[in-house]
Amino acid sequence: MRVHGDKVIRRREDAPKLNRYQDGREQLEQDFHYLCGYCGKDGSVLHQRFHLDHFVPKSLDKNRENDYYNLVLACQRCNLSKSDKWPTGDIVLPYNEEEGFVDPASEEFDEHLVRNEDGYVVGKTSVGESMCNMLHLDIRRTDIYWKAAQLKQQLGELEKLFLEEKLTEKQKDIYIKTNMMFNKYIDQAFTKGE
Ligand SMILES: [Zn+2]
């Protein structure tokens with residue numbers, strides 16, 4: 001399975017020139033489908049507002065601070081873990097044979113990272129493994145928020161039936177209660193840190 005499930009992350013071609021990188025948030029959230037580019041966590045399901053990560057760190061390349069094509073939507077945990085790590089030390093070389101970062105909005109991303117059967121994000125190559133290591137994906141429960149998003153999708157299917165009046169009164173009741181319980185659970189179980 002892909003880290004981003006059935007969502008394909010690509011930055012739009014006609015991205016605006018930004019005076020402040022923060023101004024790109026809305027477009028970036030759309031292009032990333034509200035997913036953290038690195039771990040695939042869904043901000044819309046977990047009620048979290050994600051960070052705008054600089055793929056090539058600001059500390060290394062000040063010129064790309066406001067470059068839309070250098071921005072990655074990232075959860076707090078991934079962004080803080082990545083910080084200004086850049087193993088190759090070369091701003092035009094995101095990764096080499098061994099290690100580095102692969103842009104989540106590129107085709108190559110799926111060649112290096114994958115989501116296993118249990119829902120965990122794991123490396124497929126040594127570069128992918130280095131990313132897991134630097135972002136601490138290897139010691140995080142990347143499966144739990146993935147499963148929460150799957151559950152949300154199932155609830156969405158039920159909601160469709162609900163809106164199409166295809167549920168009995170009793171089923172409607174159960175759907176509404178389950179949906180409320182799910183949202184409450186999400187707010188209690190997932191703190192901003194993860
Ligand atoms: Zn993340």
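In which loop does His47 lie? In this predicted model, where local features need pLDDT of at least 70, side-chain atom pairs count only at pLDDT 80 or more and totals for chains, interfaces and linings use all residues, His47 lies in the loop between α1 (25–31) and β1. Residues are numbered from 1 along each chain as its sequence is written, and side-chain values use heavy atoms, with hydrogens and water left out.

The protein has six helices and four strands, where helices (H or I, at least four residues) and strands (E, at least two) are DSSP runs numbered from the N terminus. Starting at that terminus, the order of the elements is α-β-β-α-α-β-β-α-α-α. The C-alpha trace spans about 60 × 35 × 30 Å along its principal axes. The protein has 194 residues, of which 43% count as buried; buried means under 20% relative accessible area, exposed over 50%, and partly exposed in between (1.4 Å probe, protein chains only).

His47 is a residue other than glycine, yet its phi is positive, near 55 degrees. Because its relative accessibility is 42%, His47 counts as partly exposed. Ser83, also not a glycine, has a positive phi of about 45 degrees and sits in the loop between α2 (76–82) and α3 (109–112). Ser83 counts as partly exposed because its relative accessibility is 42%.

Turning to helix packing, two packed helices are described by the angle between their axes and the distance between the axes. For helix α5 (residues 142–163) and helix α6 (residues 169–189), the axes come within 11 Å and cross at roughly 150 degrees, so α5 is roughly antiparallel to α6. Here axes are lines fitted to C-alpha atoms, for helices over the stretch in contact, and angles run from 0 to 180 degrees between N-to-C directions; angles over 145 degrees count as roughly antiparallel, under 35 as roughly parallel, 65 to 115 as roughly perpendicular and the rest as oblique. The crossing of α5 and α6 is left-handed, meaning that the near helix is turned anticlockwise from the far one by less than a right angle.

On the surface, a nonpolar patch is formed by Leu60, Ile91, Val92 and Leu93, which together have about 330 Å² of accessible area (Shrake-Rupley method, 1.4 Å probe, with only the protein chains shown counting as cover for residues). Patch residues have over 30% relative accessible area and no salt bridge, with nonpolar side chains (Val, Leu, Ile, Met, Phe, Trp, Tyr) joined within 5 Å and like charges within 9 Å; a salt bridge is a side-chain nitrogen of Lys or Arg within 4 Å of a carboxyl oxygen of Asp or Glu. Leu60 belongs to the loop between β1 (51–54) and β2 (71–74), and its 34% relative accessibility is why Leu60 counts as partly exposed.
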